[in-house]
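The following exercises are intended to be worked with the sequence and the model in view.

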Amino acid sequence: MYVCLCQGVTDGQIREAIYEGCCSYREVREATGVATQCGKCACVAKQVVRETLRDIQSAQATLAYPASFAIA
């Protein structure tokens, strides 16, 4: 889905920027150009960044503590 119509940035491109090393909204903005013109997409772009970073963090936590090693 297009997040930023002015720059033609999709949610997939935002996620890809994070997978390639961006760790914050500011870094994603610099890498993709999202929300650098009119700014109307900033809230949605920030939401995609937050959700993607949260998903990555959850996946890393799952890998660090697999269910078979969980302490009851």
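**Exercise 1.** Is Asp-55 buried, partly exposed or exposed, and what is its relative accessible area? Determine this for Asp-55 and then for its salt-bridge partner in this predicted model.

*Solution.* 
Step 1. The relative accessible area of Asp-55 is 45%. Buried means under 20% and exposed means over 50%, so Asp-55 is partly exposed.
Step 2. The salt-bridge partner of Asp-55 is Arg-54, with 3.5 Å between the closest N and O atoms.
Step 3. Arg-54 has a relative accessible area of 46% and is therefore partly exposed.

**Exercise 2.** State how many salt bridges there are, and describe the one that involves Asp-11.

*Solution.* 
Step 1. The count is two salt bridges. One of them, between Asp-55 and Arg-54, was treated above.
Step 2. Asp-11 forms a salt bridge with Arg-15 through their side chains, at an N to O distance of 2.7 Å. The side chains of Asp-11 and Arg-15 also make a polar contact at 2.7 Å.
Step 3. Asp-11 lies in helix 1, which covers residues 11–19. Because Asp-11 and Arg-15 are four residues apart in helix 1, about one helical turn separates them.
Step 4. With a relative accessible area of 16%, Asp-11 is buried, whereas Arg-15, at 26%, is partly exposed.
Step 5. Leaving aside residues up to four places away in sequence, Asp-11 touches Met-1, Val-3 and Val-48.

**Exercise 3.** Locate Thr-52, classify its accessibility and list its contacts, not counting residues up to four places away in sequence.

*Solution.* 
Step 1. Thr-52 belongs to helix 3, residues 42–64.
Step 2. The relative accessibility of Thr-52 is 3%, so Thr-52 counts as buried.

**Exercise 4.** Summarise the protein chain by its elements, its buried fraction, its contacts and its accessible surface.

*Solution.* 
Step 1. The protein chain has three helices and two strands, arranged β-β-α-α-α from the N terminus on.
Step 2. Of the 72 residues in the protein chain, 28% are buried.
Step 3. Considering contacts between residues at least 6 apart in sequence, 48% join residues at least 24 apart.
Step 4. The protein chain has an accessible surface of about 5200 Å², and carbon and sulfur atoms contribute 54% of that surface.

Note on methods:
Residues are numbered from 1 along each chain as its sequence is written. This is a predicted model: local features need pLDDT of at least 70, side-chain atom pairs count only at pLDDT 80 or more; totals for chains, interfaces and linings use all residues. Side-chain values use heavy atoms; hydrogens and water are left out. A polar contact is a pair of N or O atoms within 3.5 Å; within protein, one must be able to donate a hydrogen and the other to accept it, and residues adjacent in sequence count only if both atoms are side-chain atoms. Contact means heavy atoms within 4.5 Å. A salt bridge is a side-chain nitrogen of Lys or Arg within 4 Å of a carboxyl oxygen of Asp or Glu. Buried means under 20% relative accessible area, exposed over 50%, partly exposed in between (1.4 Å probe, protein chains only). Accessible areas come from the Shrake-Rupley method with a 1.4 Å probe; for residues, only the protein chains shown count as cover.
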